[in-house]
Amino acid sequence: MASFSFASAAPFLLLSILVTLFSPSNGGSIVVYWGQNGGEGTLASTCATGKYAIVNIAFLSVFGNGQTPQLNLAGHCNPSNSTNNCTSLSSDILSCQSQNIKVLLSIGGGVGSYGLSSIADAINVSNYLWNNFLGGKSSSRPLGSAVLDGIDFDIEKGSSQYYSILATSLRARSSWRSKVYLSAAPQCPFPDAHLGPALRLGLFDYVWVQFYNNPSCEYPSFPRNRWGNGNRFFVSWTRWTFGIPAFRIFLGLPASPAAASSGFIPNTTLINNVLPSLKAYPQYGGIMLWNKYYDDQSGYSSSIKNYV
(Lines give C-alpha, C1' and ligand atoms only; values in the text may rest on other atoms or scores of the structure.)
Protein backbone atom coordinates (compact mmCIF):
# COMPACT_ATOMS: atom_id res chain seq x y z
CA MET A 1 0.00 0.00 0.00
CA ALA A 2 1.36 3.42 -0.93
CA SER A 3 2.16 5.82 1.88
CA PHE A 4 -0.05 8.86 2.34
CA SER A 5 1.34 12.39 2.49
CA PHE A 6 -0.97 15.14 3.70
CA ALA A 7 1.26 17.75 2.04
CA SER A 8 0.92 16.13 -1.37
CA ALA A 9 -2.82 15.73 -0.88
CA ALA A 10 -3.45 19.29 0.34
CA PRO A 11 -4.16 20.83 -3.11
CA PHE A 12 -6.72 18.12 -3.84
CA LEU A 13 -8.34 18.55 -0.44
CA LEU A 14 -8.66 22.29 -1.05
CA LEU A 15 -10.23 21.68 -4.47
CA SER A 16 -12.65 19.20 -2.97
CA ILE A 17 -13.66 21.63 -0.22
CA LEU A 18 -14.22 24.48 -2.68
CA VAL A 19 -16.24 22.30 -5.06
CA THR A 20 -18.41 21.04 -2.20
CA LEU A 21 -19.07 24.53 -0.89
CA PHE A 22 -19.76 26.39 -4.11
CA SER A 23 -21.13 23.89 -6.65
CA PRO A 24 -24.76 22.90 -7.20
CA SER A 25 -25.73 19.28 -6.63
CA ASN A 26 -25.89 17.01 -9.69
CA GLY A 27 -28.12 13.99 -10.21
CA GLY A 28 -26.73 10.67 -11.38
CA SER A 29 -27.67 7.17 -12.45
CA ILE A 30 -26.76 3.57 -11.64
CA VAL A 31 -24.65 1.29 -13.84
CA VAL A 32 -24.37 -2.46 -13.28
CA TYR A 33 -22.29 -5.36 -14.55
CA TRP A 34 -24.22 -8.41 -15.73
CA GLY A 35 -23.06 -11.76 -17.05
CA GLN A 36 -20.85 -13.40 -14.44
CA ASN A 37 -23.43 -15.38 -12.46
CA GLY A 38 -26.16 -17.57 -13.86
CA GLY A 39 -28.33 -16.82 -10.83
CA GLU A 40 -28.69 -13.11 -11.55
CA GLY A 41 -31.64 -13.39 -13.95
CA THR A 42 -31.78 -12.54 -17.63
CA LEU A 43 -30.49 -9.40 -19.26
CA ALA A 44 -34.06 -8.44 -20.16
CA SER A 45 -35.25 -8.82 -16.57
CA THR A 46 -32.26 -6.77 -15.38
CA CYS A 47 -33.33 -3.88 -17.55
CA ALA A 48 -37.00 -4.33 -16.65
CA THR A 49 -36.25 -3.50 -13.00
CA GLY A 50 -35.96 0.16 -13.95
CA LYS A 51 -32.92 0.56 -11.66
CA TYR A 52 -30.11 0.82 -14.18
CA ALA A 53 -29.28 3.33 -16.90
CA ILE A 54 -26.39 1.30 -18.35
CA VAL A 55 -25.69 -2.43 -18.27
CA ASN A 56 -22.23 -3.82 -19.00
CA ILE A 57 -22.22 -7.35 -20.40
CA ALA A 58 -19.18 -9.06 -18.86
CA PHE A 59 -16.81 -10.24 -20.28
CA LEU A 60 -15.00 -10.68 -23.56
CA SER A 61 -12.19 -12.30 -21.58
CA VAL A 62 -9.93 -13.46 -24.41
CA PHE A 63 -8.67 -11.11 -27.12
CA GLY A 64 -5.49 -9.75 -28.66
CA ASN A 65 -2.04 -11.29 -29.10
CA GLY A 66 -3.31 -13.19 -32.12
CA GLN A 67 -5.85 -15.16 -30.06
CA THR A 68 -9.36 -16.02 -31.17
CA PRO A 69 -11.61 -13.75 -29.06
CA GLN A 70 -13.84 -15.56 -26.57
CA LEU A 71 -16.92 -14.41 -24.69
CA ASN A 72 -17.42 -15.71 -21.15
CA LEU A 73 -20.91 -15.20 -19.72
CA ALA A 74 -20.65 -17.79 -16.93
CA GLY A 75 -23.86 -19.81 -16.59
CA HIS A 76 -25.96 -17.76 -19.00
CA CYS A 77 -24.84 -19.21 -22.32
CA ASN A 78 -21.88 -20.60 -24.21
CA PRO A 79 -21.04 -19.09 -27.59
CA SER A 80 -19.46 -22.37 -28.74
CA ASN A 81 -22.52 -24.45 -27.85
CA SER A 82 -24.91 -24.87 -30.75
CA THR A 83 -27.91 -25.47 -28.46
CA ASN A 84 -27.15 -22.87 -25.78
CA ASN A 85 -25.27 -20.17 -27.59
CA CYS A 86 -25.60 -16.48 -26.80
CA THR A 87 -27.34 -15.21 -29.94
CA SER A 88 -30.68 -15.33 -28.11
CA LEU A 89 -29.45 -12.34 -26.09
CA SER A 90 -30.13 -10.18 -29.12
CA SER A 91 -33.80 -9.80 -28.18
CA ASP A 92 -32.82 -8.95 -24.59
CA ILE A 93 -30.45 -6.24 -25.81
CA LEU A 94 -33.16 -4.74 -28.00
CA SER A 95 -35.57 -4.84 -25.07
CA CYS A 96 -33.12 -2.90 -22.92
CA GLN A 97 -32.44 -0.35 -25.63
CA SER A 98 -36.17 0.18 -26.18
CA GLN A 99 -36.25 1.42 -22.57
CA ASN A 100 -33.39 3.88 -23.28
CA ILE A 101 -30.94 1.69 -21.37
CA LYS A 102 -27.49 1.51 -22.91
CA VAL A 103 -25.90 -1.94 -23.23
CA LEU A 104 -22.13 -2.16 -23.52
CA LEU A 105 -19.75 -5.08 -23.94
CA SER A 106 -17.06 -5.17 -21.27
CA ILE A 107 -13.69 -6.44 -22.41
CA GLY A 108 -11.06 -7.79 -20.03
CA GLY A 109 -11.95 -8.54 -16.41
CA GLY A 110 -10.01 -10.02 -13.54
CA VAL A 111 -9.33 -13.35 -15.23
CA GLY A 112 -8.82 -14.48 -18.78
CA SER A 113 -6.17 -14.08 -21.43
CA TYR A 114 -5.99 -10.70 -23.08
CA GLY A 115 -3.61 -7.98 -24.12
CA LEU A 116 -2.44 -6.04 -27.16
CA SER A 117 0.93 -6.74 -28.76
CA SER A 118 1.14 -4.02 -31.42
CA ILE A 119 -0.68 -1.22 -33.23
CA ALA A 120 -1.83 -3.74 -35.82
CA ASP A 121 -3.12 -6.04 -33.09
CA ALA A 122 -5.11 -3.20 -31.52
CA ILE A 123 -6.66 -2.33 -34.88
CA ASN A 124 -7.52 -5.99 -35.50
CA VAL A 125 -9.31 -6.15 -32.14
CA SER A 126 -11.14 -2.92 -32.99
CA ASN A 127 -12.26 -4.42 -36.30
CA TYR A 128 -13.45 -7.55 -34.50
CA LEU A 129 -15.46 -5.57 -31.95
CA TRP A 130 -16.99 -3.39 -34.64
CA ASN A 131 -18.01 -6.26 -36.89
CA ASN A 132 -19.19 -8.67 -34.21
CA PHE A 133 -20.80 -6.45 -31.55
CA LEU A 134 -21.25 -2.95 -32.94
CA GLY A 135 -22.40 -1.53 -36.27
CA GLY A 136 -20.37 -3.74 -38.61
CA LYS A 137 -21.26 -7.02 -40.23
CA SER A 138 -20.17 -10.58 -39.53
CA SER A 139 -21.61 -14.02 -40.19
CA SER A 140 -20.90 -15.09 -36.62
CA ARG A 141 -21.97 -12.35 -34.21
CA PRO A 142 -21.80 -13.94 -30.69
CA LEU A 143 -24.75 -11.94 -29.32
CA GLY A 144 -26.82 -12.04 -32.46
CA SER A 145 -27.80 -9.19 -34.73
CA ALA A 146 -28.46 -6.54 -32.06
CA VAL A 147 -26.02 -3.63 -32.15
CA LEU A 148 -24.53 -2.79 -28.78
CA ASP A 149 -24.12 0.82 -27.69
CA GLY A 150 -20.41 0.64 -27.00
CA ILE A 151 -17.40 -0.97 -25.38
CA ASP A 152 -16.31 -0.95 -21.74
CA PHE A 153 -12.59 -1.30 -20.95
CA ASP A 154 -12.15 -3.29 -17.72
CA ILE A 155 -8.44 -3.92 -18.08
CA GLU A 156 -7.03 -5.38 -14.88
CA LYS A 157 -3.91 -7.23 -16.02
CA GLY A 158 -1.06 -7.06 -18.47
CA SER A 159 0.49 -4.02 -20.10
CA SER A 160 -1.03 -0.60 -20.75
CA GLN A 161 0.36 -0.60 -24.29
CA TYR A 162 -1.87 0.01 -27.30
CA TYR A 163 -5.18 0.51 -25.46
CA SER A 164 -4.93 4.12 -26.61
CA ILE A 165 -4.86 2.81 -30.19
CA LEU A 166 -7.84 0.54 -29.56
CA ALA A 167 -9.86 3.38 -28.04
CA THR A 168 -8.90 5.77 -30.84
CA SER A 169 -9.85 3.24 -33.51
CA LEU A 170 -13.23 2.58 -31.90
CA ARG A 171 -13.91 6.29 -31.41
CA ALA A 172 -13.17 6.91 -35.09
CA ARG A 173 -16.15 4.71 -35.97
CA SER A 174 -18.55 6.85 -33.97
CA SER A 175 -20.83 9.22 -35.84
CA TRP A 176 -23.99 11.24 -35.31
CA ARG A 177 -25.91 8.34 -36.83
CA SER A 178 -24.28 5.60 -34.82
CA LYS A 179 -22.63 6.75 -31.60
CA VAL A 180 -20.08 4.31 -30.16
CA TYR A 181 -19.89 4.90 -26.42
CA LEU A 182 -16.64 4.15 -24.66
CA SER A 183 -16.35 3.52 -20.94
CA ALA A 184 -13.54 2.44 -18.64
CA ALA A 185 -13.29 0.82 -15.21
CA PRO A 186 -9.90 1.82 -13.78
CA GLN A 187 -8.73 1.03 -10.26
CA CYS A 188 -8.84 3.99 -7.86
CA PRO A 189 -5.06 4.48 -7.43
CA PHE A 190 -4.31 7.39 -9.78
CA PRO A 191 -3.22 7.08 -12.54
CA ASP A 192 -4.46 3.62 -13.42
CA ALA A 193 -1.63 1.21 -14.22
CA HIS A 194 -3.38 -0.29 -17.26
CA LEU A 195 -5.53 2.49 -18.70
CA GLY A 196 -3.69 5.64 -17.63
CA PRO A 197 -2.34 6.58 -21.11
CA ALA A 198 -5.66 5.85 -22.84
CA LEU A 199 -7.70 7.82 -20.32
CA ARG A 200 -5.57 10.93 -20.81
CA LEU A 201 -6.73 11.17 -24.44
CA GLY A 202 -10.28 12.22 -23.48
CA LEU A 203 -11.93 9.53 -25.62
CA PHE A 204 -14.09 7.97 -22.90
CA ASP A 205 -17.67 9.04 -22.29
CA TYR A 206 -17.93 7.32 -18.91
CA VAL A 207 -15.30 6.34 -16.37
CA TRP A 208 -16.45 4.23 -13.41
CA VAL A 209 -13.55 4.12 -11.00
CA GLN A 210 -13.30 0.94 -8.93
CA PHE A 211 -13.15 2.17 -5.33
CA TYR A 212 -12.95 -1.37 -4.01
CA ASN A 213 -10.25 -4.00 -3.50
CA ASN A 214 -7.95 -0.97 -3.12
CA PRO A 215 -7.68 0.02 0.58
CA SER A 216 -5.26 2.88 -0.16
CA CYS A 217 -7.99 4.95 -1.83
CA GLU A 218 -11.39 3.45 -1.03
CA TYR A 219 -13.76 4.90 1.56
CA PRO A 220 -12.53 3.76 4.99
CA SER A 221 -14.66 1.65 7.28
CA PHE A 222 -14.00 4.03 10.18
CA PRO A 223 -13.27 7.53 8.83
CA ARG A 224 -11.98 9.98 11.42
CA ASN A 225 -13.61 13.05 9.92
CA ARG A 226 -14.65 14.53 6.60
CA TRP A 227 -11.25 15.98 5.68
CA GLY A 228 -8.89 14.01 7.93
CA ASN A 229 -6.32 11.44 6.94
CA GLY A 230 -8.98 8.74 7.27
CA ASN A 231 -10.56 10.04 4.06
CA ARG A 232 -8.01 9.35 1.36
CA PHE A 233 -11.06 8.43 -0.66
CA PHE A 234 -12.00 12.08 -1.23
CA VAL A 235 -8.44 12.91 -2.28
CA SER A 236 -8.55 10.10 -4.84
CA TRP A 237 -11.99 11.11 -6.12
CA THR A 238 -10.77 14.68 -6.64
CA ARG A 239 -7.68 13.44 -8.47
CA TRP A 240 -9.87 11.46 -10.84
CA THR A 241 -12.38 14.22 -11.50
CA PHE A 242 -9.71 16.84 -12.16
CA GLY A 243 -7.07 14.52 -13.59
CA ILE A 244 -8.71 13.06 -16.70
CA PRO A 245 -10.99 14.50 -19.41
CA ALA A 246 -14.19 12.45 -19.28
CA PHE A 247 -17.84 13.37 -19.72
CA ARG A 248 -18.92 11.59 -16.52
CA ILE A 249 -17.07 9.99 -13.60
CA PHE A 250 -18.86 7.28 -11.59
CA LEU A 251 -18.18 5.87 -8.14
CA GLY A 252 -17.60 2.14 -8.56
CA LEU A 253 -18.69 0.04 -5.57
CA PRO A 254 -19.39 -3.58 -4.64
CA ALA A 255 -23.14 -4.16 -4.37
CA SER A 256 -22.68 -6.13 -1.15
CA PRO A 257 -19.87 -6.93 1.31
CA ALA A 258 -19.54 -10.34 -0.39
CA ALA A 259 -18.92 -8.80 -3.81
CA ALA A 260 -15.36 -7.65 -3.04
CA SER A 261 -12.67 -8.08 -0.42
CA SER A 262 -13.02 -4.44 0.67
CA GLY A 263 -14.65 -1.15 -0.27
CA PHE A 264 -18.33 -1.77 0.49
CA ILE A 265 -20.06 1.38 1.76
CA PRO A 266 -23.30 0.86 3.77
CA ASN A 267 -26.25 2.58 2.11
CA THR A 268 -26.84 5.10 4.91
CA THR A 269 -23.16 6.07 4.92
CA LEU A 270 -23.19 6.48 1.15
CA ILE A 271 -26.35 8.60 1.21
CA ASN A 272 -25.42 10.81 4.16
CA ASN A 273 -21.62 11.07 4.09
CA VAL A 274 -20.45 10.43 0.54
CA LEU A 275 -22.97 11.37 -2.14
CA PRO A 276 -23.59 14.97 -1.01
CA SER A 277 -19.92 15.79 -1.67
CA LEU A 278 -19.57 13.77 -4.88
CA LYS A 279 -22.71 15.24 -6.42
CA ALA A 280 -21.19 18.72 -6.17
CA TYR A 281 -18.66 17.84 -8.88
CA PRO A 282 -19.77 18.71 -12.45
CA GLN A 283 -18.33 15.42 -13.73
CA TYR A 284 -20.30 13.27 -11.26
CA GLY A 285 -22.27 10.63 -13.17
CA GLY A 286 -23.59 8.28 -10.50
CA ILE A 287 -22.79 4.84 -9.11
CA MET A 288 -21.42 1.73 -10.78
CA LEU A 289 -22.17 -1.57 -9.04
CA TRP A 290 -20.40 -4.90 -9.21
CA ASN A 291 -22.56 -6.80 -9.92
CA LYS A 292 -26.21 -7.68 -10.67
CA TYR A 293 -26.14 -10.94 -8.72
CA TYR A 294 -24.88 -9.31 -5.53
CA ASP A 295 -27.28 -6.41 -6.00
CA ASP A 296 -30.15 -8.88 -6.10
CA GLN A 297 -28.96 -10.39 -2.82
CA SER A 298 -28.50 -7.08 -0.99
CA GLY A 299 -31.12 -4.80 -2.55
CA TYR A 300 -28.43 -2.12 -2.56
CA SER A 301 -29.49 -0.26 -5.71
CA SER A 302 -33.10 -0.09 -4.53
CA SER A 303 -32.01 1.47 -1.25
CA ILE A 304 -29.90 4.21 -2.89
CA LYS A 305 -31.70 4.83 -6.18
CA ASN A 306 -33.63 7.91 -5.05
CA TYR A 307 -30.46 9.55 -3.72
CA VAL A 308 -27.99 8.93 -6.54
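Residues are numbered from 1 along each chain as its sequence is written, and side-chain values use heavy atoms, with hydrogens and water left out. In this predicted model, local features need pLDDT of at least 70 and side-chain atom pairs count only at pLDDT 80 or more, while totals for chains, interfaces and linings use all residues.

Q: What percentage of the 308 residues of the protein count as buried?
A: The protein has ten helices and ten strands. These are DSSP runs numbered from the N terminus: helices are H or I of at least four residues, strands are E of at least two. Buried means under 20% relative accessible area, exposed over 50%, partly exposed in between (1.4 Å probe, protein chains only). Of the 308 residues, the buried share is 51%.

Q: Among contacts between residues at least 6 apart in sequence, what percentage join residues at least 24 apart?
A: Contact means heavy atoms within 4.5 Å. Among contacts between residues at least 6 apart in sequence, the share joining residues at least 24 apart is 73%.

Q: Why does the pair of F211 and W237 count as tilted?
A: The whole structure holds 21 aromatic pairs. Rings of Phe, Tyr and Trp (its six-membered ring) pair if their centres lie within 6.5 Å; planes under 30 degrees apart are stacked, over 60 edge-to-face, and the rest tilted. The centres of F211 and W237 are 6.3 Å apart and their planes stand at 45 degrees, so the pair is tilted.

Q: How many residues apart in sequence are the parts that F211 and W237 tie together?
A: F211 is buried at a relative accessible area of 0%. W237 is also buried, at 0%. F211 lies in the loop between β8 (206–210) and α7 (232–243), and W237 in helix α7, so the pair ties together parts whose separation in sequence is 26 residues.

Q: Which class of aromatic pair do W237 and Y281 form?
A: Y281 counts as buried, at 1% relative accessibility. The rings of W237 and Y281 are 6.2 Å centre to centre, with 90 degrees between the planes; the pair is edge-to-face.

Q: Where does Y281 sit in the chain?
A: Its pair with W237 links distant parts of the chain, 44 residues apart. W237 is in helix α7, and Y281 is in the loop between α8 (267–278) and β10 (284–290).

Q: Which residues do ring pairs link into a cluster with F211?
A: W237 pairs with F211. W237 also pairs with Y281. Along with F211, the cluster holds Y219, F233, F234, W237, F242 and Y281.

Q: Why are α7 and α8 called roughly parallel?
A: Two packed helices are described by the angle between their axes and the distance between the axes. Axes are lines fitted to C-alpha atoms, for helices over the stretch in contact, and angles run from 0 to 180 degrees between N-to-C directions. The axes of α7 and α8 come within 11 Å and cross at roughly 25 degrees. Angles under 35 degrees count as roughly parallel, over 145 as roughly antiparallel, 65 to 115 as roughly perpendicular and the rest as oblique, so α7 and α8 are roughly parallel.

Q: Which residues of α8 make the contact with α7?
A: α7 passes α8 in a right-handed crossing. A crossing is right-handed if the near helix is turned clockwise from the far one by less than a right angle, left-handed if anticlockwise. From α7 come F233, F234 and W237; from α8 come N273, V274, S277 and L278.

Q: At roughly what angle do α4 and α5 cross?
A: α4 spans residues 119–133 and α5 residues 163–172. Their crossing is right-handed. The two helices are oblique to each other. Their axes come within 8 Å and cross at roughly 40 degrees.

Q: How many of the ten residues of α5 are buried?
A: The buried residues of α5 are Y163, S164, L166, A167, S169, L170 and R171. α5 is thus mostly covered, and the count is seven.

Q: What separates the C-alpha atoms of A184 and W208?
A: A184 is found in strand β7. A184 is buried, with a relative accessible area of 0%. A184 and W208 are 24 residues apart along the chain, yet the separation of their C-alpha atoms is 6.2 Å.
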